[in-house]
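Please look through the sequence and the structure shown below before reading on. The report that follows takes up a few features in turn, beginning with a single residue and ending with the chain as a whole.

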Amino acid sequence: MAHVWRKEKIGWVPTGLDRLASGLPTLFRSTEGSFGNVWLLAAPSHEAVAVNGEPVRAGLVALRDRDEIRLADGERFFFSTQDGATVEPFAGSSTDLRCPRCRRSFEVGSMIVRCPGPGCGVIHHQTDDLPCWTYTERCAVCPQSTELGEEHRWTPEEL
């Protein structure tokens, strides 16, 4: 799930969006589709909020992985969509989605993995019969590692 990195005494700490303090700009998911989520930051135009050094003038901006959010008081956050790959049931889709590895359609309730790679979000089968996600070391579409888990692969210390 998306989160923000917040600077604490112990260093950068990932914080769930549901645990952000009131008074901060609102972050919300606008849609979920076959290519992942679109996250938006809503800030009243009278507040001095910047994303990657640019003021949020229209009151709404789409966020990308690793975007810096700076408040008027100078406090910095980094937005992140990076999560580990996890196996979950397929909820269904209004279009016929096919696995990029085996080219088969997904059935509602079948176990899948959505690639957590930046900008990817492509889903793969992950069952005993169809281990499409873990079949090789990389996603069938992008260079994302196919390790399963919830580890953070990026932190603001790397900037």
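## Aromatic rings and their surroundings

F106 counts as buried, because its relative accessibility is 10%, and a residue is called buried when this value is under 20%. The model in which this value was computed is a predicted one. F90 is likewise buried, because its relative accessibility comes to 9%.

How many aromatic pairs does the count come to? The count comes to three aromatic pairs.

Why is the pair of F90 and F106 described as tilted? The ring centres of F90 and F106 are 5.4 Å apart and their planes stand at 40 degrees, so the pair counts as tilted, because planes under 30 degrees apart would be stacked and planes over 60 degrees apart would be edge-to-face. Here too the pair links distant parts of the chain, although F90 and F106 both lie in the loop between β10 (87–89) and β11 (111–114), where they are 16 residues apart.

The table sets out the geometry of these pairs.

| Pair | Centre to centre | Angle between planes | Arrangement |
|---|---|---|---|
| F90 and F106 | 5.4 Å | 40 degrees | tilted |

## A nonpolar patch on the surface

On the surface, V87, M111 and L148 form a nonpolar patch, and together these residues have about 220 Å² of accessible area. L148 is found in the segment after β12 (123–125). Is L148 buried, exposed or partly exposed? L148 counts as partly exposed, because its relative accessibility is 46%, which falls between the limits of 20% and 50%.

## The chain as a whole

The secondary structure of the protein chain consists of 12 strands and zero helices, so that reading along the sequence gives the pattern β-β-β-β-β-β-β-β-β-β-β-β. Of the 159 residues in the protein chain, 42% are buried. When contacts between residues at least 6 apart in sequence are considered, 39% of them join residues at least 24 apart. The protein chain exposes about 9,500 Å², and carbon and sulfur atoms supply 50% of this area.

Methods:
Residues numbered from 1 in each chain as written. Predicted model: local features only at pLDDT ≥ 70, side-chain atom pairs only at ≥ 80, totals over all residues. Heavy atoms only, no water. Phe/Tyr/Trp six-rings, centres within 6.5 Å; stacked < 30°, edge-to-face > 60°. Helix = DSSP H or I, 4+ residues; strand = E, 2+ residues; numbered from the N terminus. Buried < 20%, exposed > 50% of the residue type's maximum accessible area, 1.4 Å probe, protein only. Patch = residues over 30% accessible without salt bridge, like charges linked within 9 Å, V, L, I, M, F, W, Y side chains within 5 Å. Areas by Shrake-Rupley, 256 points an atom, 1.4 Å probe, with all protein chains shown as cover. Salt bridge = Lys/Arg side-chain N within 4 Å of Asp/Glu carboxyl O. Contact = heavy atoms within 4.5 Å.
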